[in-house]
Amino acid sequence: MEKVKAKKHLGQHFLNDENIAQKIADSLTLEGYQNVLEIGPGMGVLTKYLLDKPITTFVIEIDTESVTYLQNHYPKLDGKIISKDFLKYNLSEVLGTEPFAIIGNFPYNISTQIVFKTLELRNQIPEFSGMFQKEVAERICEKKGTKAYGILSVLTQAFYEAEYLFTVSEHVFIPPPKVKSGVLRLKRKENYQLPCDEKLFFTVVKTAFNQRRKTLRNSLKTYQLSDNLKEDSIFDLRPEQLSVEQFIDLTQKIAADGV
């Protein structure tokens with residue numbers, strides 16, 4: 001069978017370097033789970049290394065041509081190929097309530113959405129490893145005080161330890177993307193339940209960064225906070241100056257203020 005042709009509308013760039021594929025597969029610690037879900041396996045360059053590990057590998061692939069290729073080339077995946085859209089599919093139909101890790105060479109056009117869905121499913125996902133556009137991978141792992149630090153950084157790091165692992169050249173893909181890629185690993189924190197209203201935490205972080213150049217006193221005006229609370233020195237800061245812990249503290253203060 002001929003190789004699968006990369007489809008632009010699916011954001012497909014097939015990795016063509018076996019060493020990098022093995023490095024990504026080896027980035028998983030395999031601690032705390034038996035199942036791994038690979039998103040967008042394409043022709044299985046990463047999949048083959050996962051299948052050698054003492055875990056159960058599932059793959060989810062929206063491209064029917066890739067699904068056929070995987071069925072023909074990887075008999076070990078029999079019954080483990082989910083021909084669905086990761087962002088819309090209810091994974092409990094296959095994985096139930098069992099913990100699982102996520103891995104993949106993610107399509108750039110949906111990579112941040114993949115992270116947000118992972119955060120929704122964080123009770124089941126102790127580990128996450130994969131390749132993003134370099135700029136996005138750096139943003140997820142960034143610490144406070146920089147322009148790259150933002151909504152994605154804070155929300156991810158509230159629940160996971162984020163580690164940027166290595167950079168990948170654009171020349172090892174078919175077709176080559178226009179930018180470099182970066183591989184990261186997220187390991188869920190031992191205590192990943194926040195000591196504040198999590199829904200309010202999400203909205204406070206998003207609202208603050210939507211006007212990131214303003215101080216919190218101005219960007220959080222919609223909360224109609226009391227004059228007494230607004231005197232708190234934390235409101236003199238801009239959102240990128242706050243650590244995850246400070247955002248949690250801020251959320252607690254806003255909740256106590258009666259929001």
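Q: Where is leucine 30 found?
A: Leucine 30 belongs to the loop between α1 (18-26) and β2 (35-39). Helices here are DSSP runs of H or I with at least four residues and strands are E runs of at least two, numbered from the N terminus. Note that this is a predicted model: local features need pLDDT of at least 70, side-chain atom pairs count only at pLDDT 80 or more, and totals for chains, interfaces and linings use all residues. Residues are numbered from 1 along each chain as its sequence is written, and side-chain values use heavy atoms, leaving out hydrogens and water.

Q: Why is leucine 30 called partly exposed?
A: Buried means under 20% relative accessible area, exposed means over 50%, and partly exposed is in between (1.4 Å probe, protein chains only). Leucine 30 has 26%, so it counts as partly exposed. Its phi is positive, about 65°, although it is not a glycine.

Q: What makes glutamine 224 exposed?
A: Its relative accessible area is 72%, so glutamine 224 is exposed.

Q: Which residues form one aromatic cluster?
A: Phe106, Phe128 and Phe132 form one aromatic cluster.

Q: How do you know that the charged end of arginine 122 sits over the ring of phenylalanine 159?
A: A charge sits over a ring if NZ of Lys or CZ of Arg is within 6 Å of the ring centre and within 35 degrees of the ring normal. The charged end of arginine 122 is 4.0 Å from the centre of the phenylalanine 159 ring and sits over it. Lysine 206 lies over the face of phenylalanine 116, 5.7 Å from the ring centre.

Q: Why is α7 called roughly antiparallel to α8?
A: Helix α7 (residues 151-159) packs on α8 at an angle of about 155°, with the axes 9 Å apart (axes are lines fitted to C-alpha atoms, for helices over the stretch in contact, with angles from 0 to 180 degrees between N-to-C directions). Angles under 35 degrees are roughly parallel, over 145 roughly antiparallel, 65 to 115 roughly perpendicular and the rest oblique. That makes α7 roughly antiparallel to α8. Contact means heavy atoms within 4.5 Å; among the residues making the contact are Leu155 and Phe159 of α7 and Phe202 and Phe209 of α8.

Q: What makes α7 largely enclosed by the rest of the structure?
A: Of the 9 residues of α7, 8 are buried, so this helix is largely enclosed. Its buried residues include Leu152, Thr156 and Gln157, and what covers the buried residues includes β7 (160-168), β9 (181-188) and α11.

Key: Rings of Phe, Tyr and Trp (its six-membered ring) pair if their centres lie within 6.5 Å; planes under 30 degrees apart count as stacked, over 60 as edge-to-face and the rest as tilted.
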